[in-house]
Amino acid sequence: MRIGADRQNHHQPCNLLTRAVAVIVDAAPGRLTDDVTGRITPAKCPALQGAGAERRPAAEGSDVKRAGRLRESLDPFSGETQKHVALVAFFAWVGLGADGLSSACYGPEEAFLALGAHTPLSLYLAAMTACTVFIIAVAYNQVIELFPNGGGGYKVASRLLGSHAGLVSGSALIVDYVLTIAISVASGVDALFSLLPPAFSVAKVALEVALTLGLLYLNMRGMKESIRFLLPIFLGFVFTHTLLIVYGVAAHADRLPALAVETMADTRRMSGDLGWVAVAALLLRAYSLGGGTYTGIEAVSNNVQSLAEPRVRTGKWTMFYMALSLAFTAAGIIVLYLLWDARHVEGQTLNAVTFESIIGSFGSGSASLDAAALTVVLGFEAGLLLVAANTGFLGGPAVLANMAVDSWMPHQFRNLSSRLVTQNGVILMAIAAVAVLLITAGSVSVLVVLYSINVFLTFTLSLAGLIRYWWRHREDRRWVARLALSFTGFAVCAGILCVTVVEKFTEGGWITMIITGLVIAVGLAIRRHYDATADALGRAEAAYVAPAGHFAARPRLDPARPTAAFIIGRNRCGLVHASRTVLQMWPGVYKNFLVVSAQPVDVRSYGGDQTLEKLRADRLADMEFYMELARQHGMASRYYLGFGVDGVEELVKLCRQASADFPHVVFFASKLIFEHETWVTRALHNQIVYAMQRRLQLEGMPMVILPMRVRA
């Protein structure tokens, strides 16, 4: 999207920002030219006559059709684009709920086995599991309401507890999402290879890496495309496991009364021998060690910005679908373990043992048919674990992007790709997950001990933030109920976190804590650098204040005369520095003053209509500043303003237009030069200036880079 405007008169350009068109206001008052719709008369321009502007809309759906291939881009300002990438509740349940639902493949088993010989107590465990899922889900509905632009646990901690609490929460989430990808892929591949001869196991890690790279490709296509591809797997899991749970419980329903009596008897017997404290301790230990069951619930609140409007309503429905499916599946599987007397078998999961017994009771009379049915069920389990890995690709980059907006991570992670996904974050998550798989050789037993600590750290911080929020907003008539709900969720999550850390610290939990600590340290160092750079730029901008006054007489734009075009970014300081340098080095040479700027549409600006409108308004205010700067020097001026997801491509388009309008143009741009430049500073600051110079010079357009020294 491009906008250009001459500033030789006091008229304001029309606000034609809602479509991807280029607008140029001519030097002669009262004429407006649109390179898509042709000429617009003064009566159609509110800036000239005050009337409502008429716009010729783009062809319906053209943005979506034009983006059918991977390398083609979507217009971020198009309503059709927003509909294309937004997820309705059902698709969101598939893409974001798979992580939580897949945890039923291993979470209930770990909790059940922790009971040892006291398996009748699993009835309590099933009820506690279902209740906990709904407690966390309902508590996180408040996050969806308070933060409808997404961010989840990171934004809650940042806004309600402080920026450093947000850093801790975000760092924990990043590590957790990397482990989500790694453990889900590894578990899925283990399920597949359990159906093959042991000789095939040598290819296991290679397949895990290949699957991770395949998920990377799908997510580079954009979220909705990857979810539609994985939809049959998700629905297959839901159907087969619902059928097995309903049939398995119904087939042994006559045992439930006796089991209830046995559970009460075992509880009294154990409390009489060891005391009620021992009973409670055993239950709490099993309950906490099954904490992996609840991971993934936060994915909806982290990605509210990806949901279809109305976002809050869609988010709540998505959370309901997720909570209902997870509570039913996890609690139902625990009940199946008890009803079908599941026992651990070497090389098999409890799910496989239990489902084999249930399928054998169908009475098909064919062992091969039963084996085929079991293969299908376990195949859907493996497939769902891959869908769960996809959740890491959805949630991880979103957290990275929000942290990059706050300068805890490199700013490149906040930029959207041409498919409107946080491309850099997706790539980083894939690289990190592949590294984890290679280092651990895809061992689920190693990965599982690293997994659940961080997510409960984020849960605890988020719910602590909600407690603080409702305490400060006691004027709200809902505050008592909301505070009680938040405190209940906080107590549950903090308890699981404490028990998990104690139980798993020596088994590898310390590794997770060290890795999370390193991510926090990196975030602090990055933020310190960006703050120092911002301070230095602020001092430089304050030193370059344009002189007061206004020049009534100004020369008109003359395309036949030498023209200076300044390529600028977000900071005004860059243009002030470049323009002063050019005027000092070549006094009186350049007669036309052009400003070329392409505003990247990043995750912050793609959070909703209001943020997009604010983006437009802020950039237009900057253009007014630049045009006033030109007035102070008595120079005719024009600006070319663009919006897009690929900064280089958008700038090249604008430069082509400027070069066509002004054949004798020379482009200038400032480049930050640090006194002690390292690979770190190069990574933290994009190198778009060098990319622009190469592109323009290949097309025969001269460009000069002006060094701007920064002491930071």
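Helix packing, burial and a pocket in a predicted model

Me: At what angle do H5 and helix H14 (residues 311–339) pack?
Reply: This is a predicted model. In it, the axes of H5 and H14 lie 9 Å apart. The packing angle between H5 and H14 is about 45°.

Me: Are H5 and H14 roughly parallel or oblique to each other, and why?
Reply: An angle counts as roughly parallel under 35 degrees and as roughly perpendicular from 65 to 115. H5 and H14 pack at about 45°, and their crossing is right-handed. The pair is therefore classed as oblique.

Me: What is the hand of the crossing where H8 passes H17?
Reply: H8 and H17 have axes 9 Å apart and pack at an angle of about 55°. On that angle, H8 and H17 are therefore oblique to each other. The crossing of H8 past H17 is right-handed.

Me: What is the volume of the second largest pocket?
Reply: The second largest pocket is lined by 32 residues. Those that lie nearest its centre are Tyr-106, Glu-109, Gln-348, Thr-349 and Val-444. The volume of this pocket is about 980 Å³.

Me: By class, how many residues in the lining of the second largest pocket are nonpolar, polar and charged?
Reply: Tyr counts as nonpolar and Glu as charged, and Tyr-106 and Glu-109 are among the residues nearest the centre. Over the lining of the second largest pocket, the classes come to 15 nonpolar, 8 polar and 9 charged residues.

Me: Which residues of H15 are buried?
Reply: Helix H15 spans residues 350–360 and is mostly covered, with 8 of its 11 residues buried. The buried residues are Leu-350, Asn-351, Ala-352, Val-353, Thr-354, Phe-355, Ile-358 and Ile-359.

Me: Is Asp-341 buried or partly exposed, and why?
Reply: Asp-341 lies in the loop between H14 and H15. Its phi is positive, about 50°, although Asp-341 is not a glycine. Buried would need under 20% relative accessible area and exposed over 50%. At 46% relative accessibility, Asp-341 therefore counts as partly exposed.

Me: What is the phi of Ala-441?
Reply: Ala-441 lies in the loop between helix H17 (423–440) and H18. At 43% relative accessibility, Ala-441 counts as partly exposed. Its phi is positive in a residue other than glycine, with a value near 55°.

Me: What separates the C-alpha atoms of Ala-404 and Arg-527?
Reply: Ala-404 lies in helix H16 and counts as buried at 0% relative accessibility. Arg-527 is 123 residues away from Ala-404 along the chain. The separation between their C-alpha atoms is 9.4 Å.

Me: What separates the C-alpha atoms of Ala-630 and Phe-593?
Reply: Ala-630 is found in helix H21 (residues 609–632). At 0% relative accessibility, Ala-630 counts as buried. Ala-630 and Phe-593 are 37 residues apart along the chain, and their C-alpha atoms are separated by 6.8 Å.

Me: Is Ser-301 buried or exposed, and why?
Reply: Ser-301 belongs to helix H13 (residues 299–302). Its C-alpha atom is 9.9 Å from that of Thr-318, which is 17 residues away along the chain. The cut-off for buried is under 20% relative accessible area. Ser-301 has 1% relative accessibility and therefore counts as buried.

Me: How far apart in space are Ser-201 and Val-189, C-alpha to C-alpha?
Reply: Ser-201 sits in the loop between H8 and helix H9 (204–220). At 42% relative accessibility, Ser-201 counts as partly exposed. Ser-201 and Val-189 are 12 residues apart in sequence, and in space the distance is 9.8 Å.

Conventions
Residues are numbered from 1 along each chain as its sequence is written. This is a predicted model: local features need pLDDT of at least 70, side-chain atom pairs count only at pLDDT 80 or more; totals for chains, interfaces and linings use all residues. Side-chain values use heavy atoms; hydrogens and water are left out. On a 1 Å grid over the protein atoms alone, a cavity is a set of points where a 1.4 Å probe fits but cannot get out, and a pocket is an open set with protein on both sides within 12 Å along at least five of seven lines; lining residues have an atom within 4 Å of a point. Grid points are joined across faces, edges and corners, and a volume is the space filled by probe spheres set on the points. Buried means under 20% relative accessible area, exposed over 50%, partly exposed in between (1.4 Å probe, protein chains only). Helices (H or I, at least four residues) and strands (E, at least two) are DSSP runs, numbered from the N terminus. Axes are lines fitted to C-alpha atoms, for helices over the stretch in contact, and angles run from 0 to 180 degrees between N-to-C directions. Angles under 35 degrees count as roughly parallel, over 145 as roughly antiparallel, 65 to 115 as roughly perpendicular and the rest as oblique. A crossing is left-handed if the near helix is turned anticlockwise from the far one by less than a right angle, and right-handed if clockwise.
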